[in-house]
Amino acid sequence: MSGGRRGDAPKVRETEQPGIARGASGADNISNAGKADKAGLLIGAFLAWLAVQKGASEATQKAYGTDLAQLAAFLREQGVDLARPREVSRRHIQAFLAWLFRRGEAKSSMARKLAAVRSFFRFLLRGGRISENVAAQVRNPRQEKHHPRALNVDETFALLDAPKAAPPSEAHAARLLCRDLALAELLYGSGLRISEALGLDLDDVQVHSRVLRVMGKGSRERLAPLSDTSCAALSAWLDERSYVALPEEQALFVGARGARLNRREAARIIAGLCRRAGLDFTVSPHSLRHSFATHLLAAGADLRSVQELLGHRRLTTTQRYTQVSLEHLIRAYDQAHPRSGKK
């Protein structure tokens, strides 16, 4: 994977980060900065195309931009300029993945970065800047099978019911707890992605019609149903929201300072509900969506309906939940059946 020739992408020293080589002269620095600017312009054109033509979210654009800037910096260490993409070979991409692996990157992160590079080179191929997509020739890192933890029904009810058991006496804290419960109810009751829940505006919510207008991945809009408990929790939060939100803020969920709630705050909210429920573990917001799908399938919902509810483009994405449901059934069997031999 490494060698002395330019096309073979010599190995980067473990102690160095990609970037301008140490000890470079001022002229070299200026030259490298110019290359970075040209590569940055090409990456910027790709991100603009991604937003307009593919409807990519801001989070995707930011992640892909970071990934490609990292690739460009790595290639500069190899004497290759991403602004001249015909110079980049399959071996360079393989060397980039090997460097990420040596840094301890998770395989899921490596796969995402490779997806960004493939998409970038596909864009270049369509624009006639290259004659082949060398990134498409590189295999994905073998992934460990990993699913976010799915709560069982009792654990889910404990998490969602805990705020009702002992609401705080202080008014502001009680209002924020209404918000927390409404958020958790939507993640579980409607199976929303956390980005979808945080992207909701006030006019996306129709409590009386029991539906939400949700903007999913790839700017695909769908209607999500609201459960009875979600409607009740949302109504309670909407009654309190005006005391917390900034006057011009349109976001459904806002933070303590009144602006749109962010992902980090949302993760802390779900972790706090776990503690409040007395659970001896913490789950992520995505685990509530995961639990939603798992519980529906376990109760007999058909796969196509669950696909629509989750907003998945491909049925194969939804099918992984059938495997999770089967694993739960096998675990329950092993724990309960007198002849299982694993009690």
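Arg210 is placed in the loop between strands E1 and E2; helices (H or I, at least four residues) and strands (E, at least two) are DSSP runs, numbered from the N terminus. The model is predicted, so local features need pLDDT of at least 70 and side-chain atom pairs count only at pLDDT 80 or more, while totals for chains, interfaces and linings use all residues. Residues are numbered from 1 along each chain as its sequence is written, and side-chain values use heavy atoms, with hydrogens and water left out.

Phi of Arg210 is near 65 degrees, a positive value in a residue other than glycine. Arg210 is partly exposed, with a relative accessible area of 37%; buried means under 20% relative accessible area, exposed over 50%, and partly exposed in between (1.4 Å probe, protein chains only). The turn that holds Arg210 belongs to a hairpin of E1 and E2, with four residues between the two strands.

The protein has twelve helices and three strands. An open sheet of three strands has the order E1-E2-E3, with antiparallel pairing. Strand E1 (205-206) and strand E3 (221-225) stand at the edges, each with a single partner strand, so one side of each is left without a neighbour in the sheet. Two strands are taken to pair if DSSP finds at least two bridges between them. In general, strands of a sheet pair through backbone hydrogen bonds, either parallel or antiparallel.

E1 and E2 pair in the antiparallel sense over two bridges, and the bridge partner of Gln206 in E2 is Val211. Strand E2 (residues 211-215) is joined to E3 by five bridges, again in the antiparallel sense. Within this pairing, Met215 stands opposite Glu221 in E3, and Val214 stands opposite Arg222 in E3. E2 and E3 also form a hairpin, with five residues between the strands, in which Gly218 takes a positive phi near 65 degrees.

The side chains of the sheet were then assigned to faces. E2 has a covered face, made up of Leu212 and Val214, and an uncovered one, made up of Val211, Arg213 and Met215.

The structure holds eight aromatic pairs. Rings of Phe, Tyr and Trp (its six-membered ring) pair if their centres lie within 6.5 Å; planes under 30 degrees apart count as stacked, over 60 as edge-to-face and the rest as tilted. The ring centres of Phe46 and Phe120 are 5.5 Å apart and their planes stand at 80 degrees, so this pair is edge-to-face. Phe46 lies in helix H1 (residues 26-54) and Phe120 in helix H4 (residues 107-126), so the pair ties together parts that are 74 residues apart in sequence. Phe46 counts as buried at 0% relative accessibility, and Phe120 counts as buried at 0%. Ring pairs link Phe46, Trp49, Phe120, Phe121 and Phe123 into a cluster.

A ring also takes part in a contact with a charge. The charged end of Arg175 sits over the ring of Tyr243, 4.1 Å from its centre; the criterion is NZ of Lys or CZ of Arg within 6 Å of the ring centre and within 35 degrees of the ring normal.

A disulfide is defined as a pair of cysteine sulfur atoms within 2.5 Å, and by this rule the count comes to zero. Among the cysteines, Cys178 is partly exposed, with a relative accessible area of 24%, whereas Cys274 counts as buried at 0% relative accessibility.

Val306 is placed in helix H11 (residues 303-310) and counts as buried at 1% relative accessibility. The C-alpha atoms of Val306 and Phe292, which are 14 residues apart along the chain, are separated by 9.3 Å.

For the protein as a whole, buried residues make up 42% of the 343 residues. The accessible surface comes to about 18,700 Å², of which 51% belongs to carbon and sulfur atoms; accessible areas come from the Shrake-Rupley method with a 1.4 Å probe, and for residues only the protein chains shown count as cover. Of the contacts (heavy atoms within 4.5 Å) with a separation of 6 or more, 60% are accounted for by residues 24 or more positions apart.
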